[in-house]
Amino acid sequence: MSEQLQRVREEIGKLIVGQEEAVEYTLFSILADGHALLEGLPGMGKTMLIRTISQVLDLSFSRIQFTPDLMPADITGTNIIQRTDKGNHQFEFQPGPIFSQMVLADEINRATPKTQSALLEAMGEKTVTVLGDTKPMAKPFFVLATQNPIEMEGTYPLPEAQMDRFLCKILVPYPSKEELIEIVRRTTGSQDVQLEKVMEAESIILAQQMVKEVLVADEMLEYAADLVVATHPKEDNALSIVKQYVMYGSGPRGFQSIIKLAKARAVYHGRFHVAIADIKSVAKPALRHRILLNYEGEAAGKTTDDLIDEILHHLPQGASS
């Protein structure tokens with residue numbers, strides 16, 4: 001399975017320049033049967049990355065462009081009146097773009113919170129309820145969302161419940177000079193890149209089952225639990241920087257996300273047990289959107305990544321080392 005996943009990574013690399021961390025953690029989210037949020041400035045290739053992954057994985061794909069006037073029914077679908085062969089009229093459900101295996105929620109923070117909330121049930125329970133009728137989602141089902149930095153004009157902060165549905169939050173950095181040159185070469189030339197389909201839905205579901213069966217030692221669970229508890233400012237042993245700058249720490253979903261992503265990373269690297277390096281590696285993507293800074297932290301220019309770095313630096317590893 002690890003070799004097949006490496007082939008997926010290589011195939012994505014035919015079109016996507018750099019962005020190793022964004023590619024890997026998006027794949028980890030898919031392996032862990034979770035959703036991912038990619039944040040970066042416009043033009044960083046977030047949309048192209050997700051579309052490329054859907055092609056390499058041979059999944060049905062739909063793209064929803066989030067705008068301030070987008071309505072919940074534009075996402076979930078609605079009942080419309082249809083005329084039957086006998087001349088009668090009846091309601092018929094017209095499914096929305098959410099009914100795909102891979103859904104790209106493009107610029108998700110440009111829609112109002114009411115519209116963003118239309119994704120909550122689909123992401124949490126993998127069902128959609130329209131006028132009391134509950135419909136299951138496709139298998140596998142992923143929401144991969146992009147958002148611009150929240151300080152940009154015309155954006156709405158995602159509600160905490162919506163943020164918590166994302167298994168991880170991935171930061172898409174600005175490319176280096178060399179990467180910029182390679183991007184221009186690939187996108188402005190006459191050569192058309194042909195992507196190969198490496199995995200299909202059945203293989204992905206099998207890989208997800210393998211990830212669930214990865215072994216996690218008690219020491220690893222304790223270390224991950226200590227990491228999550230250390231994000232809470234009211235804990236007696238919390239670091240002074242956490243007590244000073246954090247309003248709320250991560251909840252149980254943060255703990256679950258760390259373990260799921262660590263298992264996926266282990267399978268990706270050909271292992272069937274979680275190592276301490278897996279937990280440290282996934283800590284930021286799993287927790288950065290689940291820690292809420294207070295006003296003092298915002299004013300001081302602190303980031304949740306800074307806090308996670310401090311916690312990892314001071315957290316005793318005990319027997320897990």
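Select Asp-309 and Lys-284 to begin: these two residues form a salt bridge, with their closest N and O atoms 3.0 Å apart. The term denotes a side-chain nitrogen of Lys or Arg within 4 Å of a carboxyl oxygen of Asp or Glu. The pair links distant parts of the chain, since Asp-309 belongs to helix α15 (residues 304-314) and Lys-284 to helix α13 (residues 276-287), 25 residues apart. Helices (H or I, at least four residues) and strands (E, at least two) are DSSP runs numbered from the N terminus.

This is a predicted model, in which local features need pLDDT of at least 70 and side-chain atom pairs count only at pLDDT 80 or more, while totals for chains, interfaces and linings use all residues. Residues are numbered from 1 along each chain as its sequence is written, and side-chain values use heavy atoms, with hydrogens and water left out.

Next, select Asp-305 and Arg-288, whose salt bridge has its closest N and O atoms 3.0 Å apart. Asp-305 lies in helix α15 and Arg-288 in the loop between α13 and β11 (292-293), so the pair ties together parts 17 residues apart in sequence. Asp-305 is buried at 14% relative accessibility, and Arg-288 is buried at 8%.

Then select Asp-164, Arg-253 and Arg-290, which salt bridges with shared partners join into one network. Finally, select Glu-107 and Arg-110, whose side chains meet in a salt bridge (3.3 Å, N to O). The count comes to twelve salt bridges.

Technical notes:
Buried < 20%, exposed > 50% of the residue type's maximum accessible area, 1.4 Å probe, protein only.
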